[in-house]
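Here is a friendly walk through the model, with sequence and coordinates at hand. Have them open as you read.

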Amino acid sequence: MPENIYKLYKKLKNRGLSPDRLQIIERELEYYNRKNARNRLAEIEMEAISGLYDANDFELFIGIIKNNNFAVSIQTLDDLLERDKKREEDGFPRKIRIGKFIKPDKYKKEQIVVVPTTTEPKFYHDNATTQKEDETGGSGEGEEGEVLGEQQIEPTEGEGEGTGAGQGEGAEHDISSDAFDLGKMLTEKFELPNLKTKGKKVSLTKFQYDLTDKNRGFGQLLDKKETIKKIIETNILLGNIDENNEFNAEDLIVNPKDEIYRIMSKEKDFEAQCVVFFIRDYSGSMQGKPTEVVVTQHLLIYSWLMYQYQNNVQVRFVLHDTEAKEVRDFYTYYKSAVAGGTSVYAAYEFVADIIEKEQLAKENNIYIFHGTDGDDWEENGERSIAAIKKMIPDLSRMGITVAKNAWTSIDKTTTVENYMNESGLLKDKAELIKMDTFSAEEATESRIINGIKKLIS
Amino acid sequence: MYLIDQHTKKIMEECKEYARAAGLTFNDETLEYIVTNRDMISLSPKNMIPTLYDYWVHDVEVLKEQGKYKLYPHNPYETVINARPAISFYNDNNPDWLNIMIFYHVLAHIDFFQNNILFENTWNDDFVGLALADKRLIENLRSEKGRWVDYVIEFSRSIDNITGYFRTLPKHLSKEKSTSLSKLHFYFDIFLQEILKVSPRLIFKEIERYNSIGHTNQELAESVFFSEVKTKYPEFNAKFENYVSEEPAPIDIMDFICKHSPFLKKQENRWMQSVMTIVRNTSMYFSPQIRTKIMNEGWASYWHDELFRNDKRIKGHEVDYARVNAGVTSISRVGLNPYAIGLRLIQHIEELADKGKINVDFQKINEISQRDKYNKKTKKGKETIFELRKNFSDFMLINTFVDQDFIDKNDLFVVGKRVNVEKGVYEYYIKSKKAEDYKNMLLDSLYHPPYIKVDLNKTTDKNLYLTHQFEGKQIYKPYIPDVLIGLEFLWGGSVQLETTEIISAEKETDNESEGYTFRKVLYTMKDRKIEKTNL
């Protein structure tokens, strides 16, 4: 993003801003500056630091790297989920958790893997509360107080701490397959309401039964043409038919397996198409928790869509700060860095534009999920509302998640909430537009999932 | 998984000869297997024991962010498993020279397993065989009882780090010796200080008196010393007897629940006791291993280096070896490498003993150059490290031998991690080069489960009362309800846990004056509901 963020800032300032708003905007600018400054610094990135019990002979000698990616060893996810369901019946809390992204290999580039995880709770000492700082060992030259290296608190490439996106270069990764598994768990675990019962076209995939499959030996209807072909084929192989001579049909040997039948089968019929837009605010104020929450929520929605609609959903990803851009895949969407200021309308106009230009509404249900912390430099939201109104006829559902950041108190409404409420859209078009607000700091996995339920109810 | 070929086996047998000649002792028979990455995936959650019982958590595996809470020091798995015969694992494309190096490393591990007294209780059985029998039993039970077997495994595993491992060890210590030790301890620490409440001056005087008797006559010191005590304090002996009989035996909660739970005693639940015992035995088997990680790896690294460098088969591969060895035993710039620390400590101790530095006279010298020059040429190095290998755990090793000389020699320091708000980064910086700090940092990173015991006075058939001995760290709170719910099931009644929580005092100003207050709390798990009250 060029320096026009400052132009916008000046413009807004000249127009006059309340102290509150000024503070919000300046805070974002500060993030923006700090990030730029940081990018300029040549940094020594610390490698993952190993503790006493991390190293073992296998890695060091035998050359077999401990493969931590246990996704491969889970052969019966279904069994595990079934078991987990039973736990509840037996009166014990469920143990399999989802939506944790892990970085399985400290030596390779970061990877995102979505796996079911569980913990084995035991009584352990908790070091976190008594230790002022993490300590480890080190060796070599240097005096006390000397800095050995740095590690970014807010990773530039990815965001979210720990459970969020990884940092580092974008290694090639196919998130879809993992997302598929996660989606499966979601539908089973939380029984999300089905989007298709609410959309304007009833179903995405329709099953039709037809005599389309072929089967050898038995079936509902003999396919004569195919059967004769097969008999000829068999007899050529047996040497009963010579291509240069005539042959007598009576001499041919008929193998029962040569009879080809038609049988009933389930046919998929794609009736309705569906386009889902994910919009994420990645402005400065989104740093940390809000981003983590939004990204997690969108990953869950995305995973669930992948599962429910078997990859038949067209998904588009849009990021915005003061400008909006489309990114090509979820991975980039999810990893992209926090940038400058916030203009929600930029994203809405951008999406409205895509819908219009590509004529998406003609053949598709359109869904929009937007995640933000509720800050918007445009205070009255005039252009945002205008853009929404423009899209409304085409929409099947728009879901806005406001994940409030740490400095916004939960009872104070944010700019986005304000203008959405004032516009009356949430009431007038309650069927089409939903908004969910919570504090990002306190958002647990179940709160995030409840949020999804709310958005798609 | 298949055995190594005859050619490689021959190399192994040659290595055994050299290792024996150097003083290592181990059983004749060993088994070496080739494993693939695929084998590893299924073996590593089972700590490389192919016959370990099946459990669904192994399938899911705990994927915790590394070091996040440092909560999950999983059992270290080894190239070598401590079975009879010892089994070790390799991959199939190692060149011969590398195999020789690894074999020496492995043989030293086997020597360690078979001679270090912390492993005493593993010497009489073949764990792989035992585990197989256990696995079959569990499979059998599972076909009858279904998922309830897994619940019992789960709940047993939730306390399998509190097994009273050390209590099972000191069989070889003669009883007489331990009581006379505690008699002295009782006299100085409890009788004089707590019962008589005498002045410190008098205590020092008594200590001096004991030491002076000890100088002249080591063996009789105690009886001479106490004969005078008797005349001075006639009530001493009675008080001491009283004290000894009063001291309650420590209770290992896992064993206690297994033996005394009214729920498990019911006829239909007896099978659960077998499951608990299996889980407990498995944990006991791994206990010495996790408590000797530094010792064991240091010992093995010491010997692969010592033996391979003096082996003529290294010829032509010196550089290759140096590379691999450096990869294993170089001290990290930041981070802890048990191989490196263990090796350096063992070498340090060998040098100390060679120069006769392990004695009081040396310790009294403060002047650096004198300390450097000190050399009694006692040449006790090898003998000393063999003693060390026999008797020491990681804790003892670090606590005894990490001193300033060691720190300075290896340029070690404690690395701290702090936030630099200006730059928005974590900074790793050299926090301290003092031996004391380094030692504490190491000790703090050692495996150390909380000490929790059963309070017999407050425990009834309806209620199990546990107390946690507070050692400056609270128990990781999010796990407490999960563990207690399992214990409630196993006890068949409510469970209470008395523990101490740390509350960081309100920070009024920005300066980081860290203040903590401690609060005793009582968790009660009843009808699968958790409640917490302040005590």
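Arg262(A) is partly exposed, because 17 other C-beta atoms lie within 10 Å of its own, and the partly exposed class falls between the cut-offs of 12 or fewer for exposed and 20 or more for buried. This arginine belongs to strand E7 of chain A, which covers residues 260-270. Where does the chain bring Asp213(A) relative to Arg262(A)? The two are 49 residues apart along the chain, and 5.7 Å separates their C-alpha atoms. Please keep in mind that the model is predicted.

Helix H1 of chain B, residues 6-21, holds Glu14(B). With 14 other C-beta atoms within 10 Å, Glu14(B) is partly exposed.

## Helix H12 of chain A

Helix H12 of chain A spans residues 415-423, and its buried residues are Thr415(A), Val416(A), Glu417(A), Tyr419(A), Met420(A) and Ser423(A). What do these buried residues pack against? Their partners in chain A include the helices H9 (344-357), H11 (382-391) and H13 (425-428). Strands are also among the partners: E11 (364-372), E12 (395-404) and E13 (433-439) of chain A. Just after H12(A) comes Gly424(A), with a positive phi of about 80°.

Chain B has 535 residues, 35% of them buried. Its secondary structure consists of 23 helices and eleven strands. Among contacts in chain B with a separation of 6 or more, 74% join residues 24 or more positions apart.

The largest nonpolar core contains 113 residues, and Tyr104(B), Leu107(B), Val275(B) and Leu484(B) have the most contacts inside it. Helix H4 of chain B (residues 96-115) supplies the largest share of this core, with twelve residues. Domain 2 (330-445) and domain 3 (451-534) of chain B both contribute residues, so the core lies between them. Setting aside neighbours within four places in sequence, Tyr104(B) contacts Cys15(B), Ala19(B), Trp303(B), His304(B), Leu307(B) and Phe308(B). A second, separate core has 56 residues, including Val294(A), Phe330(A), Tyr348(A) and Met391(A).

## The four-stranded sheet

In chain B, four strands make an open sheet with mixed pairing, ordered E1-E2-E4-E3. Strand E1 (2-3) and strand E3 (80-81) of chain B are at the edges with a single partner strand each, so one side of each has no neighbour in the sheet. Strands E2 (residues 30-34) and E4 (residues 86-90) of chain B pair in the parallel sense, over five bridges. Thr30(B) has Ala86(B) of E4(B) as its bridge partner, while Ile34(B) is paired with Tyr90(B) of E4(B). H4(B) packs on the sheet, where it touches E2, E3 and E4 of chain B, and its direction makes about 150° with that of E4(B).

On the other pairing, E3(B) and E4(B) run antiparallel and are joined by two bridges. A hairpin of four residues connects E3(B) to E4(B), and Val80(B) stands opposite Ser88(B) in E4(B).

## Inside strand E4

Conventions. Residues are numbered from 1 along each chain as its sequence is written. Chains are lettered from A and ligands numbered from 1 in the order in which they are written. This is a predicted model: local features need pLDDT of at least 70, side-chain atom pairs count only at pLDDT 80 or more; totals for chains, interfaces and linings use all residues. Two residues are in contact if their C-beta atoms, placed from the backbone, lie within 7 Å. A nonpolar core is a set of buried Ala, Val, Leu, Ile, Met, Phe, Trp, Tyr and Cys residues joined through C-beta atoms within 7 Å. Domain bounds come from an automatic or database domain assignment. Two strands pair if DSSP finds at least two bridges between them. Axes are lines fitted to C-alpha atoms, for helices over the stretch in contact, and angles run from 0 to 180 degrees between N-to-C directions.
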